[in-house]
Amino acid sequence: MTEYERSRTIPALPEHVFDQAANVDQMEQWLPRELHVDSGGPAVSVHEHGGEAGGGAVLRARAEQMRLEWGTRENGGYTGWLQVAGLDGGPSEVTVHLSFFAGTNDPGAQAVNDALDRSLARLEEQVRLRVDGTGG
């Protein structure tokens, strides 16, 4: 198993950050650009840009813990979570963790870390737009 984890401080209340991260209808605005999410309750399907609706996944939002958890359903190839924590009533720390299990298509440390950093930056931008009142 290979694991990756990245964190970012976002200057917003943790509730705002979690609400934006957990909004399934807007996840594509901050997820890696090549991933697309089709929701249907707790089951979602995730596919790469230009690909067929593919890998079924499970997504759970635990609002009371400000935590999202996800993973593949069919082959158990990967799991992940996103955790939002408040920092002394001010900014929030967001941590994303991915685990790739043996025999899966782990894209490698550089690709995963770059994608996680870009995703966290886009999440910060989406939160900023929402808090400023100019976004959905």
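Is Arg62 buried, partly exposed or exposed, and which salt bridge does Glu69 form with Arg62?

Analyst: Some notes on the source come before the details. This is a predicted model, in which local features need pLDDT of at least 70 and side-chain atom pairs count only at pLDDT 80 or more, while totals for chains, interfaces and linings use all residues. Residues are numbered from 1 along each chain as its sequence is written, and side-chain values use heavy atoms, with hydrogens and water left out.

Arg62 is partly exposed, with a relative accessible area of 30%, where buried means under 20%, exposed over 50% and partly exposed in between, computed with a 1.4 Å probe on protein chains only. Arg62 and Glu69 form a salt bridge whose closest N and O atoms are 3.1 Å apart, the term standing for a side-chain nitrogen of Lys or Arg within 4 Å of a carboxyl oxygen of Asp or Glu. Glu69 itself counts as buried, at 17% relative accessibility, and it also forms a salt bridge with Arg67, where the closest N and O atoms are 2.8 Å apart. Arg67 is buried too, with a relative accessible area of 18%.

The structure holds 8 salt bridges, and another one of them brings together the side chains of Arg128 and Asp132, at 3.0 Å from N to O. Here Arg128 counts as partly exposed at 39% relative accessibility, and Asp132 is partly exposed with a relative accessible area of 48%. Returning to the part you asked about, salt bridges that share partners join Arg60, Arg62, Arg67 and Glu69 into one network.
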